Amino acid sequence: MPELPEVQALVDFLGERVVGLAVTRVELGSFSVLKTFDPPPQALEGVPVDSVSRHGKFVDLDCDGVHLVFHLARAGWLRWSDAMPNTVLRPGKSPIALRVRFSDGSGFDLTEAGTKKRLAAYLVRDPKDVPGIATLGPDPLAEEFTRDAFAALLKGRRSQIKGLLRDQGFIAGIGNAYSDEILHAAKMSPFAMASSLDDEAVDRLYAALRETLTGAVAAASGKPAAELKDAKRAGMRVHGRTGEKCPVCGDVVREVSFADSSLQYCATCQTGGKPLADRRMSRLLK
């Protein structure tokens with residue numbers, strides 16, 4: 001799943017290419033991908049793109065006040081083409097969910113692998129009309145997201161910190177991968193309770209959050225859309241690296257599995273050398 005750094009890179013990539021161009025056509029490869037009906041896709045035809053921006057993990061193309069907003073979900077991606085094929089997209093015949101064409105002949109496809117179709121697109125007059133945007137928490141890279149603002153969010157929260165970092169209503173843009181990376185950099189158990197963190201722990205976590213995301217955004221910046229997935233995987237220190245050596249201490253990277261996901265961590269760096277029990281057994285070793 002693309003998270004804040006990759007989504008920001010996609011926003012920058014699109015911004016450099018489509019701002020000032022007009023949308024010539026929006027084609028649906030899956031009728032279910034478009035979650036709104038007013039305005040219709042035809043409302044974008046001939047309309048210039050004024051800006052491209054990000055809201056958490058959402059990409060927003062502002063086309064003279066009509067916003068094409070999309071969320072790539074777990075298995076979605078954007079495929080760019082400098083010269084789009086002339087053939088019209090036929091619904092249900094490919095993994096392409098939505099195609100957007102521009103006035104210079106370029107365009108992009110939104111694709112989705114797998115059987116669980118969660119990729120979502122919206123045509124709205126105000127981005128806040130998108131339910132997922134309306135409920136977003138603060139952006140962790142915003143200037144106003146200070147250490148004290150972060151501490152205020154954590155105060156009194158009786159939730160595990162891993163889950164909180166992934167909660168889009170708490171902080172916008174962080175998912176499974178970067179929450180693993182942030183907690184590893186902070187030397188913190190993914191199951192530590194937010195309300196139990198002292199000032200020193202909050203300092204470490206805030207610094208790790210900002211540094212991890214800032215570094216990932218810088219690493220992704222300027223890369224073509226086609227290279228972002230591999231770049232993300234290459235930059236991970238513990239996420240997706242079960243059984244490999246921790247690059248900090250050399251211990252083995254361990255995993256805790258859930259019904260539809262997993263997390264990775266280093267016991268030496270994060271849990272005082274104690275392996276975490278499998279979450280499915282409802283036992284945690286802290």
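In the predicted model, the backbone nitrogen of Leu123 is placed 2.9 Å from a polar atom of the Thr36 side chain. Thr36 itself belongs to the loop that runs between β1 (23-28) and β2 (51-55). Leaving aside residues up to four places away in sequence, Thr36 touches Ala121, Tyr122, Leu123 and Val124.

The peptide bond joining Asp38 and Pro39 is cis, with omega at about 5°. In general, most peptide bonds are trans, and most residues other than glycine have a negative phi.

Asp64, which is not a glycine, has a positive phi near 55°. This residue is located in the loop between β3 (58-63) and β4 (66-71). Ala73, likewise not a glycine, has a positive phi of about 55°, and its place is in the loop between β4 and β5 (76-81). The surroundings of the two residues were then examined. Asp64 has a relative accessible area of 55% and is therefore exposed, the cut-off being over 50%. Ala73 has a relative accessible area of 8%, so this residue is buried, the cut-off being under 20%.

The packing of two helices was considered next. Helix α3 (residues 147-154) packs with helix α6 (residues 199-220) at an angle of about 115°, and their axes lie 10 Å apart. The crossing of these helices, α3 and α6, is right-handed. On the side of α3, the contact is formed by Arg147, Phe150, Ala151 and Leu154, while α6 contributes Asp199, Val202, Asp203, Leu205, Tyr206 and Leu209. Sorted by class, the contact of α3 with α6 comprises seven nonpolar and three charged residues, with no polar ones.

Two annotated spans were also described. The unreviewed UniProt entry assigns residues 2-109 to the feature "domain: Formamidopyrimidine-DNA glycosylase catalytic". In the model, this span of residues 2-109 is 14% helix and 36% strand, and its end C-alpha atoms lie 16 Å apart. For residues 237-271, the unreviewed UniProt entry lists "domain: FPG-type". The span of residues 237-271 is 11% helix and 29% strand, with a separation of 16 Å between its end C-alpha atoms.

Terms used
Residues numbered from 1 in each chain as written. Predicted model: local features only at pLDDT ≥ 70, side-chain atom pairs only at ≥ 80, totals over all residues. Heavy atoms only, no water. UniProt positions renumbered as here; feature names shortened; annotations may be inferred. Helix = DSSP H or I, 4+ residues; strand = E, 2+ residues; numbered from the N terminus. Axes fitted to C-alpha atoms, helices over the stretch in contact; angles between N-to-C directions. Left-handed = near helix turned anticlockwise from the far one by under 90°. Contact = heavy atoms within 4.5 Å. Nonpolar A, V, L, I, M, F, W, Y, C, P; charged D, E, K, R; others polar. Polar contact = N/O pair within 3.5 Å; in protein donor to acceptor, adjacent residues only side chain to side chain. Buried < 20%, exposed > 50% of the residue type's maximum accessible area, 1.4 Å probe, protein only.
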